[in-house]
Amino acid sequence: MSSDCNGPVAQAAQVAAPQLATATAGDHNKAGSGLFSQLTDNPFFTAGFGLAGLAAALRAGQQGLRRSTDLLRRRLLVDVEITRNDESYQWLLHWITAYQRAQAMGQHAIPGMPRQPAPSGTLSSLINKITPRMHHLQIQTARAKRPDGADETRLSLVPGQGRHILRYGNAFIALNRQRDKAFDMSTGTPFETITMTTLYAHRNVFEELFSDAHRLAQEMHEGKTIIYNSWGPDWKPFGQPKRKRPIDSVILERGVKERILEDIRAFLEARAWYLDRGIPYRRGYLLYGSPGTGKSSFILALAGELDFNIAILNLSEPGLTDDRLNVLLTKVPPRTIVLLEDADAAFNNRTQADEHGYRGATVTFSGLLNALDGVASVDERIIFLTTNHVQSLDPALVRPGRVDMTVHLGEATEWQIEQMWDRFYVDVDTDGLGKQRFMTRIKELGLANSISTASLQGLFLYNKDDMDGAVGMLGDLAKSHGQVDIR
Ligand SMILES: Nc1ncnc2c1ncn2[C@@H]1O[C@H](COP(=O)(O)OP(=O)(O)OP(=O)(O)O)[C@@H](O)[C@H]1O
Ligand SMILES: [Mg+2]
């Protein structure tokens, strides 16, 4: 048995045993390094590990690069972001177009940009050569009703969506006009932003640029009245501001204009009085009368006279609901008179809701009353209502606080006719004889208090500088008004 144990197999086992014992009892480090060396000796593993390591190193490198580019960017560049809802958005767009157009035409002092240095020397001519032009423009079309009822369309060009480069003085500015995917649900228009980027060293140009753009906007508005139309639940300026209509150009019966102006001026001076007593600081006026008696024209001229803008809303406009009217009246731009035309549309639509609870897409009488009562604002609120049909005027509407003053603008009186004659023929009727003949004919035909100032204006415009023509045409005017020519 023992000789068996000392056999070659047992010897081999004895030789192997200490080795095994060494391996199991040996230190773990060695085992670890063994494992490591086994792993590193494995070509498949080393290839994977190497790749992963390389990827991690690359990623770290990329992140580092991005971080340092960001840092560099933050150090070297400066951004300004303007959103569409900001007041400056539109005037900035218009300024950029005007500025680039002036640059392209080689002008160096255009309105609103007094600081633009006149270029001289080779450097400036080089800069001028590389000054980028705007190649992607967008057309902005505005369509609306003028206060005199006529339709008007206005077109303007502004920088389109995308990237543009602008040179302002010696600074180059990257401009990115971006449209968001999200929509402003109230107006149905997408959100938009303009981002302007320039070198940090040129950061001061933004202040100058914005004040130039603001100055240009102000210059465009100087002596002008901004007309706002409703756009969904918001007010939007309709095209470019209009030249103020002189108040003298609207001829109302003697003393009427003065009475309204006096009332409104007293109201504007009494702000503290209203606020101290907790009375809503608002004043309402109702002008009624036949078509063409100067209601809208007078309110527009009045806005110009008081240096106010005007927000026009037609109450008979389809789709104008009580809610929309209410919202619109809560966000009237500052220093703006609200003109609610066709107030009778609401008189006719007295019901609040039909049997199905549907209010309809027009303003109801109670909706108008609620909107007039509206939330009190610290800013003055001046509202003018106009109507041709005042028969159904409800006492609830003319309650003080809603409508404080009701004025009738009637057909042209003799006094108004004379005034209008003077405005049109003052240069040609030097001895006043033309006016005498005209007034005699007016009396013969019984036209005083029966023709509108608008038709009188039409007659004078047709016979510009031709007094006899105007006198001669009175017969036709009388016939068209059902008056009998007794001559
Ligand atoms: N009293 C007036 N003085 C000067 N111009 C007038 C006068 N009335 C009307 N006009 C002229 O007639 C045109 C129409 O006037 P306007 O639109 O102001 O009338 P309206 O009373 O508002 O009419 P509607 O009731 O149809 O809205 C305008 O071009 C305006 O210049
Ligand atoms: Mg009108």
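Two strands are said to pair if DSSP finds at least two bridges between them. Helices (H or I, at least four residues) and strands (E, at least two) are themselves DSSP runs, numbered from the N terminus. The structure described here is a predicted model, in which local features need pLDDT of at least 70 and side-chain atom pairs count only at pLDDT 80 or more, whereas totals for chains, interfaces and linings use all residues. Residues are numbered from 1 along each chain as its sequence is written, and side-chain values use heavy atoms, with hydrogens and water left out.

Strand E1 (residues 77–83) and strand E6 pair in the antiparallel sense over seven bridges. Within this pairing, isoleucine 82 stands opposite isoleucine 194 in E6. Strand E6 spans residues 189–199, and nine of its eleven residues are buried; buried means under 20% relative accessible area, exposed over 50%, and partly exposed in between (1.4 Å probe, protein chains only).

Helix H7 comprises 17 residues, 205–221. From its first C-alpha to its last it reaches 24 Å, close to the 24 Å expected at 1.5 Å a residue; the expected span is 1.5 Å times one less than the number of residues. The buried residues of H7 are Val205, Phe206, Leu209, Asp212, Ala213, Leu216 and Ala217. They lie on the same side of H7 because they cover an arc of only 135 degrees around the axis, the arc being that of the directions from the helix axis to the C-beta atoms. An α-helix has 3.6 residues a turn, so residues three or four places apart point the same way. Just after H7, glycine 223 takes a positive phi of about 65 degrees.

Which residues have the most contacts inside the largest nonpolar core? They are Ile260, Phe298, Leu302, Ile337 and Phe384, in a core of 31 residues. Such a core is a set of buried Ala, Val, Leu, Ile, Met, Phe, Trp, Tyr and Cys residues joined through side-chain atoms within 4.5 Å. Among the elements that give two or more residues to this core are helix H8 (256–269), helix H10 (295–306) and strand E14 (381–387). The largest share, seven residues, comes from H10. Phenylalanine 298 touches Ile247, Val250, Leu252, Lys257, Ile260 and Leu287, not counting residues up to four places away in sequence; contact means heavy atoms within 4.5 Å. A second, separate core of 29 residues includes Leu315, Leu329, Leu340 and Val390.

Aromatic rings provide a further topic. Rings of Phe, Tyr and Trp (its six-membered ring) pair if their centres lie within 6.5 Å; planes under 30 degrees apart count as stacked, over 60 as edge-to-face and the rest as tilted. The whole structure holds 14 aromatic pairs. Tryptophan 273 and tyrosine 274 form an edge-to-face pair, because their ring centres are 5.7 Å apart and their planes stand at 75 degrees. Tryptophan 273 is partly exposed, at 44% relative accessible area, whereas tyrosine 274 is buried, at 12%. The rings of tryptophan 421 and phenylalanine 460 are also edge-to-face, since their centres are 5.8 Å apart and their planes at 85 degrees. This pair links distant parts of the chain, for tryptophan 421 is in helix H14 (residues 414–425) and phenylalanine 460 in helix H16 (residues 453–462), 39 residues apart. Both tryptophan 421 and phenylalanine 460 are buried.

Terms used: Chains are lettered from A and ligands numbered from 1 in the order in which they are written.
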